[in-house]
Amino acid sequence: MNIVLFGPPGAGKGTQADNLVKEFKLIKVSSGDLLRNEIKKKSSLGLKIKPVIDKGEFVSDEIINSLIENIVSSKEFSNRLIFDGYPRNLNQAINLDSILTKYNQKILCVLNLKVDKDIIVKRVSGRQVCSKCGLTLNKYFNKKSDHSCDSKYLETRPDDNEKTINNRFETYKNETLPIINYYLKQKLVKDVDGMVQIDEIYKKIRIIIDSLET
Ligand SMILES: [Zn+2]
């Protein structure tokens, strides 16, 4: 089975992807990892894209698509893919469909992790790390009794502020909407409530997969 996973930053998407990888022996495919891998291997493609990435620019869809085709066409990975952070735009989504069709595969479902922006903001902006014992806490969700060091040791990461998180969330929403709509037309989208405990989220994902596989 091939799965596409969507979820805003801070929704715990990575954890759910890891769960699926472990249980179903899937291969996680993220375009960022694929690109970093080529650079590490110093392949001809890697040498070509390194300066682009170093400059902080986007690699062309053409290059991403050819990397994805390498994975999809490989017998070893065939029908065992979980796409995370890809497709990033409509063009990539359309291309993924044609690559999958070419190799007689399809997408089982598109899991859409849904979390309220307010919760994400609290989860991320409330994060505090104790510089004394290293514990990570959340000023909104943890009780005082969870931690015994003096509060002067609690530090917040500078990029964890509300404005940055709000921006990241809005960017995600705007970028993802057209892709979600594209998959909605194919009746592939399964919304998953991401507001509950991590274990509960995964249980819901399992129920969806079970219902589709039979
Ligand atoms: Zn501490």
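Q: How many helices and strands does the protein have?
A: The secondary structure comes to eight helices and eight strands, where helices (H or I, at least four residues) and strands (E, at least two) are DSSP runs numbered from the N terminus. This is a predicted model, in which local features need pLDDT of at least 70 and side-chain atom pairs count only at pLDDT 80 or more, while totals for chains, interfaces and linings use all residues. Residues are numbered from 1 along each chain as its sequence is written, and side-chain values use heavy atoms, with hydrogens and water left out.

Q: In what order do the three strands of the open sheet come?
A: The order is β6-β5-β7, with antiparallel pairing, and two strands count as paired if DSSP finds at least two bridges between them.

Q: And which ones are the edge strands?
A: Those are β6 (136–138) and β7 (154–155), each of which pairs on one side only.

Q: What stands opposite Val129?
A: Val129 faces Glu155 in β7; strand β5, residues 127–130, pairs with β7 over two bridges in the antiparallel sense.

Q: Switching topic, is Cys130 buried or exposed?
A: Cys130 is buried, because its relative accessible area is 2%, and buried means under 20%, exposed over 50% and partly exposed in between (1.4 Å probe, protein chains only). Cys109 is buried too, with a relative accessible area of 0%.

Q: How many disulfides are there, then?
A: The count comes to zero, taking a disulfide as a pair of cysteine sulfur atoms within 2.5 Å.

Q: What share of the protein's residues is buried?
A: Of the 214 residues in the protein, 38% are buried.
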